[in-house]
Amino acid sequence: MDKYECAICGYVYDPDIGDPDSGIAPGTPFEKLPDDWTCPVCGAAKTEFSKI
């Protein structure tokens, strides 16, 4: 699964880890994140992320 990086702060969403603090389970691909999911570090919208 692809990793995605926040253009604002550099946070990398790794689907192998998920985002447990936001209730996103490990193994969740970026494409399956809710549209209203935001960067857990800076709060940027999902649209601010790019595949790396």
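Trainee: Hi! How many positive and negative side chains does the chain have, and how far apart are the centres of the two sets?
Mentor: There are 4 positive and 10 negative side chains, and their centres lie 7 Å apart. Lys and Arg count as positive, Asp and Glu as negative, while His and the chain ends are left out. Each charge is placed at NZ of Lys, CZ of Arg, CG of Asp or CD of Glu.

Trainee: What kind of model is this?
Mentor: It is a predicted model, in which local features need pLDDT of at least 70, side-chain atom pairs count only at pLDDT 80 or more, and totals for chains, interfaces and linings use all residues. Residues are numbered from 1 along each chain as its sequence is written, and side-chain values use heavy atoms, with hydrogens and water left out.

Trainee: Can we zoom in? Where does Thr 28 lie?
Mentor: Thr 28 is in the loop between β2 (12-13) and β3 (49-51). Thr 28 is buried, with a relative accessible area of 16%. Its side chain reaches the backbone oxygen of Ala 25 at 2.7 Å. That is a polar contact: a pair of N or O atoms within 3.5 Å, where within protein one must be able to donate a hydrogen and the other to accept it, and residues adjacent in sequence count only if both atoms are side-chain atoms.

Trainee: Which residues is Thr 28 in contact with, leaving aside neighbours within four places in sequence?
Mentor: Met 1, Tyr 13, Pro 15 and Leu 33. Contact means heavy atoms within 4.5 Å.

Trainee: Is Leu 33 buried or exposed?
Mentor: Leu 33 is buried, at 3% relative accessible area. Leu 33 is found in the loop between β2 and β3. Besides Thr 28, its contacts beyond four places in sequence include Tyr 13, Ile 24 and Lys 46.

Trainee: New topic: where is Lys 51 found?
Mentor: Lys 51 is in strand β3 and counts as exposed, at 52% relative accessibility. Not counting residues up to four places away in sequence, Lys 51 touches Asp 2, Lys 3 and Tyr 4.

Trainee: Last one! How far apart are Ala 7 and Glu 48, in sequence and in space?
Mentor: They are 41 residues apart in sequence and 5.6 Å apart in space, C-alpha to C-alpha. Ala 7 lies in the loop between β1 (4-6) and β2, and at 57% relative accessibility Ala 7 counts as exposed. Ala 45, in the loop between β2 and β3, is partly exposed at 36%. The C-alpha atoms of Ala 45 and Ala 7 are separated by 10 Å.

Note on methods
Helix = DSSP H or I, 4+ residues; strand = E, 2+ residues; numbered from the N terminus. Buried < 20%, exposed > 50% of the residue type's maximum accessible area, 1.4 Å probe, protein only.
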